[in-house]
Amino acid sequence: MLNRKSSVAVLAAAALLGEAFSAYSIAFVSYSPHMAWSIGWIATVFTLSLTLSVILAIRGTTLMGTASVVAAGLGMLVSGIGGGRIVHSIIGAVCITVGLAFMFLQARLSPFSLYGQWGLGAVAGEGPRERHTRLCRITELDERLLPLLEDTVHKYSLGDLRAATKLCCETRYPDNGMLPRGAYAGPAPVVEACVLTENLVIILIAHTEGRGVAFVGRLQQTMVSEPPRREDSEGERELYVRSAWLDSTESSSYPFPLDDSAAGREFMAGFREMLTATRHT
């Protein structure tokens with residue numbers, strides 16, 4: 001039986017194949033009038049494929065839009081080469097080039113655009129999500145964060161964080177990623193953590209289906225701020241963490257979620273104290 005990740009992959013492949021087939025067929029029909037009877041079938045396949053791509057995109061498969069452009073370009077290119085149509089070949093090559101370029105930019109920058117300063121509003125939707133914040137040891141983090149933490153340690157050669165961690169905070173969403181009615185249907189976080197050492201700030205975000213993203217920045221290049229709270233934000237607050245994140249060309253902010261408990265307030269105070277101490281060393 002396919003798991004959810006495999007099912008998404010199969011659906012994405014089917015959608016992209018359908019779009020490539022549709023582009024190929026439309027281009028082929030344009031110089032084969034006797035095939036005009038098949039336009040209805042082509043339109044059906046294209047409509048179903050496009051609908052599936054849109055559903056996958058809004059459900060969190062964020063590269064589907066640009067991947068669809070590449071698939072359509074590939075179909076157009078193959079049709080142009082097979083039929084000897086230079087115009088179709090050029091259009092196909094341009095679509096592939098543009099699609100791949102946007103996929104690269106999206107994959108490179110999306111963690112900061114999707115989960116950055118406006119990301120919280122995008123996934124929060126019309127109503128607030130219940131959240132619970134606690135202070136903990138790094139070894140006590142939610143198990144859904146542990147694979148991401150391990151990958152991050154290896155990727156940036158962070159060493160033994162168990163001994164280096166000075167402050168660790170975790171916020172969980174008990175709704176397991178279910179968004180309020182009418183909310184944006186993107187990948188909602190289920191648990192997030194902020195880990196502070198003498199020199200680093202590490203933010204970990206785990207989403208549904210095991211996906212996640214991590215930000216690592218130098219504490220000396222980090223600033224925090226708390227924006228004015230909304231009227232409907234009772235019991236919740238955000239600590240905007242701005243840093244020159246590793247692997248990023250410029251600084252950006254991430255709104256780390258907290259509840260309004262003593263643990264949340266203690267973490268904010270401890271974070272600011274560490275920043276002050278860092279700037280005086």
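With which residue does Arg162 form a salt bridge? The partner is Asp160, and the closest N and O atoms are 3.3 Å apart. A salt bridge here is a side-chain nitrogen of Lys or Arg within 4 Å of a carboxyl oxygen of Asp or Glu.

The model is predicted: local features need pLDDT of at least 70 and side-chain atom pairs count only at pLDDT 80 or more, whereas totals for chains, interfaces and linings use all residues. Residues are numbered from 1 along each chain as its sequence is written, and side-chain values use heavy atoms, with hydrogens and water left out.

**Salt bridges**

The count comes to 12 salt bridges, and the table lists three of them.

| Pair | Closest N and O atoms |
|---|---|
| Arg134 and Glu170 | 2.9 Å |
| Asp247 and Lys155 | 3.3 Å |
| Arg162 and Asp160 | 3.3 Å |

Arg134 forms its salt bridge with Glu170. This pair links distant parts of the chain, 36 residues apart, with Arg134 in strand β1 (residues 132-135) and Glu170 in strand β2 (residues 167-172). Strands (E, at least two residues) and helices (H or I, at least four) are DSSP runs, numbered from the N terminus. Glu170 is buried at 0% relative accessibility, while Arg134 is partly exposed at 27%; buried means under 20% relative accessible area, exposed over 50%, and partly exposed in between (1.4 Å probe, protein chains only). Both residues belong to a network of salt bridges that also includes Asp142, Arg144 and Arg172.

**Helix α6**

Helix α6 (residues 146-156) has Leu148, Leu149, Thr152, Val153 and Tyr156 as its buried residues. Seen down the helix axis, these fall within an arc of 135° and so line one face of α6; the arc is that of the directions from the axis to the C-beta atoms. They pack against α7 (161-164), β4 (200-207) and β5 (212-218), contact meaning heavy atoms within 4.5 Å. On the other side of α6, Asp151, His154 and Lys155 are exposed. Lys155 forms a salt bridge with Asp247. After α6 comes Ser157, with a positive phi near 50°.

**Surface patch**

Ile86, Ile90, Val94, Val98 and Phe102 form a nonpolar surface patch with about 480 Å² of accessible area together. Patches consist of residues with over 30% relative accessible area and no salt bridge, like charges being joined within 9 Å and nonpolar side chains (Val, Leu, Ile, Met, Phe, Trp, Tyr) within 5 Å. Accessible areas come from the Shrake-Rupley method with a 1.4 Å probe, and for residues only the protein chains shown count as cover. Phe102 lies in helix α4 (residues 86-114).
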